[in-house]
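Two exercises follow, each with a worked solution. Please work from the sequence and the coordinates shown here.

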Amino acid sequence: MSSPDTSSFSFPAQSGSRQPTLSLESVIKDYTTETEPVRALDNVSLQIGTGRFVALVGRSGCGKSTLLHLAGAMDFPTGGRVVLDGVSTDRLTEPELTQLRREKVGFVFQSFQLLHTLSVAENVELPLLLAGHAHPRPGALEQLASVGLADLADRMPHQLSGGQMQRVAIARALVHGPRILLADEPTGNLDSVTGNSILELLRRISSEHNTTILMATHNAEFASLVDAVVRMRDGRIEEVAVR
Amino acid sequence: MSHLSIFFRLIVRPMLRERARSLLMLSAVALGVAIVLAIDLAGDAAAGSFHSSLQALAGDDNFEVTADGGVPESIVGDLARLPWPIRVTPRIEDHATVAASGETIPLIGIDFIAQANDPDEVQLGAPNDTSIFDDINSPDAIWTTRSLSDRIGSTVTLVINDHKHAYTVRGFIPTSARFGGDVAVMDIDAAQRATGKAGRVDRILLKVPDQPGFAEWQQRLLAVLPAGVQLLPQGSETAANRRMLAAFRWNLRILSYIALLVGAFLIYNTVSVSVVRRRVEIGTVRALGACRRAVLLAFLAEAAIFGVAGTLLALPLGRLLADGAVRVLSTTVNALYVSSQPGTVGLSTGSVVMAFIVGIGVAVASALAPAREAALVPPTEAMARGRREYAIRVERGRDALLAFLLAIAAAFAARLPPVGGKPLFGYIAALLLVAASAFAIPALVTVLMPLLSAVLTKLLGVEALLAARSLGGSLRRTSVLVAMLSTAIAMMTAVGIMVGSFRQTVVIWMERQLPADLYLRPAGEPGGDRFPTIRPELADSIAMLPGIAAISRFRAYQIEYQGLPAILASVDLGPSQARDGTEFLSGRPSSVVLSQLDAGDSAIVSEPFANKHHVHTGDLLTLPMGVRAASFRVVGIFYDYGDEAGIVLLARSTMLRYLPDKAASSLAIYLAPGANLETARAEIRKAATGRDVLLLANGEIRRQGIRTFDQTFAITYALEAVAIIVAVLGIAGALISIVIDRRREFGLLRFLGAASSQIRRLILIEAGLIGILANIVGLALGYLLSLILIYVINKQSFGWTIRFHWPVSVLVAALSGVYLATVLAGLYPASIAQRLNPIEVIHEE
């Protein structure tokens, strides 16, 4: 592993495309709390190429989640630029941001965030339905098969284990073929064995589907699975370790 | 942990945090209580304490002597000559219309000399002022209230019966006199002449000494009075009015409670949601040592807060609404029951206490079940994180069985007779049906939701799928919301069907009952107990006009029968057309029954009269006629929707044998075949020159009847509207809590690619789905309730047979309006959902 210049980091694509899937250029994000303004991200620059699997680590409040939200076109930066698959988010309107998310971004959360009133298959096809697809079921079943849950399509979420729920959430995040998958503590609610199997699944997805993955995590056992580890502290990138 | 701190932590803080929701709940409770208060205050005021205006200036007498058709004047002399110290006060009691304003006022004729000589009587002049006697012999002299005239010597034109005359104001009635509103007073002789009651008085008031006791005096007086006159304790009329108006007020009061019933569902839902949301907090305070009772009290206190604050808001609001309601109600009371001046609307201590009892009582009672559920939350619940959904055990099977049993109980209650003249079991049946429907709703939602979900998802897309699943997933909350709105819709539907059926029945009845081409009656506002007359000569001259085939004279007197007001009337049975219109309960042909009526002492009675007094065909009715008591054989019971008090109808020739006053209250005029209506109308007008009469064509009189009908039921529509408003406010409040509870879900949907407009659409579809379910349940329940209203409550209260009729257009308009209002109620919650920051809410725990 190496530790290059900490002001700007670039993880080019493993092959093919020269354009990074995600590019953060001197990104600043300020929030105003009830008492005082808070700088969540402070001049962060980062480029991640297609098919890369990058882990973001750091203490709670260091800016990991904020970075994920900006990367996922959920928010605008206060300063700098976020470019997602060649599209700069700061020039987009709210509907255009939504469209960008629909096409290029998939999210996975720590607490799975499945809708308990929908079946497994319905949960997975939800991004397609929200995007207006008329026949989302075959795509959803295909994704469920790819995460090893083809037999559980008609179950309700409360009938699944934690690991199965997170696999469903991953299938949902991938169903629309996003360019980047953003995972916020995807193993945080799982035991270590199940957590590792989820990480292996993500690794496989990154390799097989050539999907870029940016994952915020506390899990120390990921080192062998990711391409790079970005350590954050107080809204800045403190250290980068490339495998 | 102190009760206060538990209360603050579990109740006050969340209430303040969700201000919009709290305010909506508060408004709904306030509106529910306000409407109950308004109807109570307005009912009291509109009924004028049940005093007829004609009781103006009555003194502190013990007895009153009356007779159907008037008391012969000679009886006044007979009573005055009795060897006992009795005060005898004869009175003429009639009505006049003030020509300038159209206002109908009581016209009282009193014996000025007797009045002036008795210091206990109401005095029209100052003590020792004899100027009043100067004008006794003037037939034009009147004494009025100051609001009718501003100075002595001015003239006031009054329409009395069919003639208009200018009277000179000779003095003002002192404000100390006992009356409410405007009144005109004349000397009794002048009043007899003006009203055409020569030789008769309407009432004789008697004041007897305290000894030898009321019963003894009653016996003594009855012994000297002829059989046909009635001796009643004074105030009998007030008591009779009270009894007559009881059903009207009772039904109105029950209607006003609908909004409160809807409010009860709302409180139940609000406290249920509070309990579910705060299970973790409840578990925590329980773990920290709070006892079950403290938790129970905290949640009951939440309901009590809504009750107290809602009632505080309801007091001024109810007082304000009462002002509007009293105008509508007094029009109805005057048109249908008794001429009375509305009293002043005032918040009494009693009404304020009643409002608080109702407001707090309903709120706390509605919160009992969810508060008990809160008290049963175990302390371990504090550890069960993430149980935020409103997924509570709903025992659909048990509830459906309960619903079935309640419906059977309702069917049974609907068949029970009235209690004390009130349809108590009818109301119980209606309440049981509402309860049955509430218990049936979870099963119904479970069945209907997948069907609606499948159809709507095809039509409206993923938002409909999410909305339907969410509602189905929160079965209890959805069921309570549907129950709340459907109850309001059902009441609206039921009253709509009842009024629509009644209206249609009246329209058909009028078509049969009003066969003449023209109708003539004295001008002035018609009233339930006012029957001004037309001079006999005018009727005779109209009958002789060219183009007139026949006339039928109708005469009515206000009477009291078995302690209740009723109408004694007579009609000419000469014209063949007049014999065909009447429809009898027995189904016998009109011509056959009416030919029996024509022969001898026979009578027919209206359906309300028969029901009120339990009269059947073949019974004998004994009526005090003039100075004789006469018996009449009932030969038929006819459908009648003109008067709730009930009518005893005689042939005119029979009536004249007992009460020889030939003046008619109205004339039905039949044109000869081929005669021109307008020409005949012009001829009649010419013949009536100098008379203040109203000539109406058949269509006009029907329209007038329907107008009165619609005015009468305007208040019921207003009450229904308030219930709907309360329900819609409740839906808006509930949708806000749905948005708050499901904010993480909405945040997630944004992460998964939902546009903010899709979130808004989702909430509006949820509102729409609640509206659809509530409309389906409400329409079904409303239909069943309408059957109870028409065939049980109305029948037992008023005695009318109403034929069922679907007022399709009214219902379609009303249900669409409610549906639209429900969807619009989702607008604000939808905008809250749309504005949620997905990043903030997705990370909330």
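**Exercise 1.** How many residues does the contact take from chain A and how many from chain B?

This is a predicted model, in which local features need pLDDT of at least 70, side-chain atom pairs count only at pLDDT 80 or more, and totals for chains, interfaces and linings use all residues. Residues are numbered from 1 along each chain as its sequence is written, while chains are lettered from A and ligands numbered from 1 in the order in which they are written.

Solution.
- Step 1: count the residues in contact (C-beta atoms, placed from the backbone, within 7 Å). Chain A gives 20 residues and chain B gives 19 residues.
- Step 2: assign elements (helices are DSSP runs of H or I, at least four residues, numbered from the N terminus). On the side of chain A that touches chain B, helix 2 (94-104) and helix 3 (120-130) of chain A each supply at least two residues. Helix 2 of chain A gives the most, with 5 residues.
- Step 3: sort by class (Ala, Val, Leu, Ile, Met, Phe, Trp, Tyr, Cys and Pro nonpolar; Asp, Glu, Lys and Arg charged; the others, Gly among them, polar). This side of chain A has 11 nonpolar, 5 polar and 4 charged residues.

**Exercise 2.** Which helix of chain B gives the most to the side of domain 1 of chain B that touches domain 3 of chain B?

Solution.
- Step 1: take the bounds from the automatic or database domain assignment. In chain B, domain 1 is 1-55 + 240-388 and domain 3 is 444-511 + 702-801 + 813-845.
- Step 2: the C-alpha centres of these two domains of chain B lie 21 Å apart. Their contact takes 35 residues from domain 1 and 31 residues from domain 3 of chain B.
- Step 3: on the domain 1 side, helix 2 (19-46), helix 7 (236-277) and helix 9 (292-337) of chain B give two or more residues. Helix 7 of chain B gives the most, with 17 residues.

Methods
Contact = placed C-beta atoms within 7 Å.
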